[in-house]
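Take the chain one part at a time.

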Amino acid sequence: MIVANPKPISEILDMIKDLKKILILGCKGCVTVCNVGGAKEVGILASTLKIARIKGGNPVDITERTLERQCDPEYIAQVKDIVHDFDGVISMACGVGPQFLSEAYPKQRFFPAVDTTFFGGAVQHGIWAERCAGCGTCIIHYFDGMCPIARCSKSLMNGPCGGSAGGKCEISKDVDCIWDMIVRKKMEQGRLDDLVRFKPSKDWRTARDGGPRRSIREELVI
Ligand code: SF4
Ligand code: SF4
């Protein structure tokens, strides 16, 4: 899933300081799973902003809604009758949400309430970790299901780099060296030779390096 973090309240308050009537829009997708932008978080943000604005002598009227997703036009369309009733809209979805909203409703203003971080998953309750960088051509079959692009600090395709110590990356003892993990797994399975076999060059045109990307599935296009 896409993992995000809440923006500092002070940053959100500053974005909306001139607005008197606001819609906060949550999303039931990834941001609900990582506890940052679902219905519960919409309620908490609304209460926090209202209290802060009352304390500052500048009360604000806030309406709460949570959409199934903010990355599909059919759900974005569900607010078409109300979206222009507000001075602005705070989106609690990942960075895709406010952009889809902005494209659908060009006359309205949209503000992000979260900082979108990475594709990952929960490694512990309350802790998420990056697993994929969305490179567009997955090559983790060479590395027994582990991704050196997303998980090596240098995205090395032929590691380790020599800075690894005690299974940790040279950038921090809190970061596992994925190349240490790859090598150990190959050794444990008696397949270390895999790493000296020729691998074709990575095609980076499908990654972000090739510019903004589109994914077209002809069988689904109407
Ligand atoms: S190789 Fe690319 S698609 Fe596969 S997990 Fe890594 S970043 Fe994601
Ligand atoms: S120590 Fe490991 S994870 Fe860190 S940059 Fe080097 S190979 Fe990559």
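Two strands pair if DSSP finds at least two bridges between them. In this predicted model, strand S2 and strand S3 meet that criterion: seven bridges join them, and the two run parallel. S2 covers residues 21-27, and S3 covers 61-67. One bridge links Cys27 to its partner in S3, Leu67.

S2 also pairs with S4. Here four bridges join the strands, again in parallel. Ile22 has Gly88 as its bridge partner in S4. Leu23 is bridged to Val89 of S4. S4 in turn pairs with strand S5, residues 110-112, through three bridges in the parallel sense. In S5, Phe110 is the bridge partner of Val89.

How enclosed is S2 by the rest of the structure? Six of its seven residues are buried, so S2 is largely enclosed. A residue counts as buried when 20 or more other C-beta atoms lie within 10 Å of its own.

In soluble globular proteins, nonpolar side chains tend to be buried together. The largest nonpolar core of this model holds 34 residues. Ala4, Ile24, Leu25, Val31, Val89, Ile90 and Met92 have the most contacts inside this core. Several elements give two or more residues to the core: strands S1 (2-6), S2, S3 and S4 (88-91), together with helices H2 (30-33), H3 (39-55) and H5 (96-104). S2 supplies the largest share, five residues.

Look again at Val89. Beyond its neighbours within four places in sequence, Val89 is in contact with Leu23, Leu25, Val83, Leu101, Gln108 and Phe110. A second core is separate and has seven residues, including Phe143, Cys152, Cys169 and Ile182.

Now turn to the ligands. Around ligand 1 sit Cys132, Ala133, Gly134, Cys135, Cys138, Ile139, Ile140, Cys147, Ile149 and Ala150. Nine residues of this shell are nonpolar, one is polar and none is charged. Ligand 2 is surrounded by 14 residues. The closest are Cys152, Gly159, Cys161, Cys169 and Cys177. Its shell divides into eight nonpolar, four polar and two charged residues. Cys152 and Cys169 also belong to the second core.

Finally, find Gly136. Gly136 lies in the loop between strand S7 (127-132) and helix H6 (148-151). Is Gly136 buried, exposed or partly exposed? It has 15 other C-beta atoms within 10 Å, so Gly136 is partly exposed. Which residues does Gly136 contact, leaving aside its neighbours within four places in sequence? They are Thr206, Ala207 and Arg213. Gly136 and Ala207 are 71 residues apart along the chain, yet 5.3 Å separates their C-alpha atoms.

Conventions
Residues are numbered from 1 along each chain as its sequence is written. Chains are lettered from A and ligands numbered from 1 in the order in which they are written. This is a predicted model: local features need pLDDT of at least 70, side-chain atom pairs count only at pLDDT 80 or more; totals for chains, interfaces and linings use all residues. A nonpolar core is a set of buried Ala, Val, Leu, Ile, Met, Phe, Trp, Tyr and Cys residues joined through C-beta atoms within 7 Å. A residue is buried if 20 or more other C-beta atoms lie within 10 Å of its own, exposed if 12 or fewer, and partly exposed in between; C-beta atoms are placed from the backbone. Two residues are in contact if their C-beta atoms, placed from the backbone, lie within 7 Å. A residue is near a molecule or strand if its C-beta atom, placed from the backbone, lies within 6 Å of it. Ala, Val, Leu, Ile, Met, Phe, Trp, Tyr, Cys and Pro count as nonpolar, Asp, Glu, Lys and Arg as charged, and the others, Gly among them, as polar.
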